[in-house]
Amino acid sequence: MAVAAVCTVLSLGYFGATAYWFMRDDMAASAQAERRQMETLYQDRIDRLKSEIERLSSRQMVERESVEQQVTTLLRRQQLLSKRHEVVTELMARAEESGIRIATQNPVPAEKPVRTEGTLANIDDDTSAMGGEPQPVKDPVKTLGLRGEPDTETGKLNLKPGIDPEEQAALEAVGNNLAVMDRESDAVLDALAVATEKQIDKIVAATKPLGVTLIKRKSGQSHNAVGGPFVPITGGTFLDRVTRTERVLKALHNVKNRARLLPLHRPTRSASISSQFGPRTDPFLKRLAMHTGMDFKAPYGARVFAAASGTVEHAGWSGGYGRMVEIRHANGFVTRYGHLSKVRVSEGDHIVAGDLIGNVGSTGRSTGPHLHYEVRQSDEAIDPAPFVTAGDRLAALLKH
């Protein structure tokens, strides 16, 4: 019995040990397989993360290149706008020299002028406005903290998906401001052209009764034959507007120079008209006679001025005129200034409109101190009244 028990114990111990070794090998193999699986899963995750980082890095580079390109475009647009501003400023200065001033709600900024739209008259084909706007961004890169391609129709920036919304908003704001200033530069040029054309029209209309032609128009074209529906200005490039503005400013300059050659300057200051041109009762003979000029009642010694530039042809006594000055002007016009108390020019002198030529008196055939003023053409006396009226209307315009 004792022996049997011992054998049984030994058998159980052997089988238990054998079972242990077999089970230990299975557990080790299972753990190793699990470890290999975990290593594989971990490596997969590492590979996926690396791939995502590379993808994100590549995307950021693409987006950053897009933003850099857009800011470069904005800088080019601003440089172009700066050059346009120089052109607009120069044209505005020329216009102001000619007496053209654009009415604006806000002053035009010193660095960047920024259109009222209306129908446009065509002047040199023989045929007030606005301004003021935000200052341009001097350094978009520094201002935005980044380095836009604008849509040619909307002016908005075409940014690729994924670009930071704040960057997109900042770029669009700069692009929009540049577009606004671009449009307002066009508006200033349109306003300058329209205002200039209006001045030309005023001068032409004022001198029309004088029978002179200050501007040539196409055959069959009537200056006053205008009409049609209002059509806002929507076309034309910046260069077209510059060309048109330069053309009308040159036309205004020429029209003013031609007008200044006409005897439009008042021969006396603050003097009333005591006798008009035309038939009247002669003050000495008391019968109907032709009065060949206008009489300006003025105090003895009042100053007398040349009505236009020209050359003195007579300076001295001349029968019933008493002391008289006669000046020959362009376009065949001649002016006479009679009954002077004193003559202050000599024959052959070249004088300018407004020059002092003598003093009011009562010499010759005169009933009292006054100036007898005549305008003659082709040796025929014509009514001076339209010239005086036109001169009064254009005095301010022709100063510039």
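**Surface charge, strand pairing and backbone turns**

Glu-90 lies in helix 1. The model is predicted: local features require pLDDT of at least 70, side-chain atom pairs count only at pLDDT 80 or more, and totals for chains, interfaces and linings use all residues. Residues are numbered from 1 along each chain as its sequence is written, and side-chain values use heavy atoms, with hydrogens and water left out.

The protein chain holds five helices and twelve strands. Both are DSSP runs numbered from the N terminus (helices: H or I, at least four residues; strands: E, at least two). Of the 400 residues in the protein chain, 37% are buried. Buried means under 20% relative accessible area, exposed means over 50%, and partly exposed lies in between (1.4 Å probe, protein chains only). The protein chain exposes about 23,200 Å². Carbon and sulfur atoms supply 54% of that area.

A patch of negative charge sits on the surface. Glu-90, Glu-96, Glu-97 and Glu-246 gather there. Asp and Glu count as negative. Patch residues have over 30% relative accessible area and no salt bridge, and like charges are joined within 9 Å. A salt bridge is a side-chain nitrogen of Lys or Arg within 4 Å of a carboxyl oxygen of Asp or Glu. Helix 1 (residues 2–97) gives the most to the negative patch, with three residues. Glu-90 counts as partly exposed because its relative accessibility is 38%.

Two strands pair if DSSP finds at least two bridges between them. Six bridges join strand 6 to strand 7 (residues 323–328), and these strands run antiparallel. Ala-315 has Val-325 in strand 7 as its bridge partner. Strands 6 and 7 form a hairpin with five residues between them. Within the turn, Gly-319 has a positive phi of about 50 degrees. Strand 6 is also joined to strand 9 (residues 350–351) by two bridges, again antiparallel. Here Gly-310 has Ile-351 as its bridge partner.

Lys-286 has a positive phi of about 60 degrees. This lysine lies in the loop between strand 2 (278–281) and strand 3 (288–291). Lys-286 counts as exposed because its relative accessibility is 61%. Ser-378 has a positive phi of about 55 degrees. This serine is found in the loop between strand 11 (370–377) and strand 12 (380–382). Ser-378 counts as exposed because its relative accessibility is 65%.

Methods. Patch = residues over 30% accessible without salt bridge, like charges linked within 9 Å, V, L, I, M, F, W, Y side chains within 5 Å. Areas by Shrake-Rupley, 256 points an atom, 1.4 Å probe, with all protein chains shown as cover. Charge placed at Lys NZ, Arg CZ, Asp CG, Glu CD.
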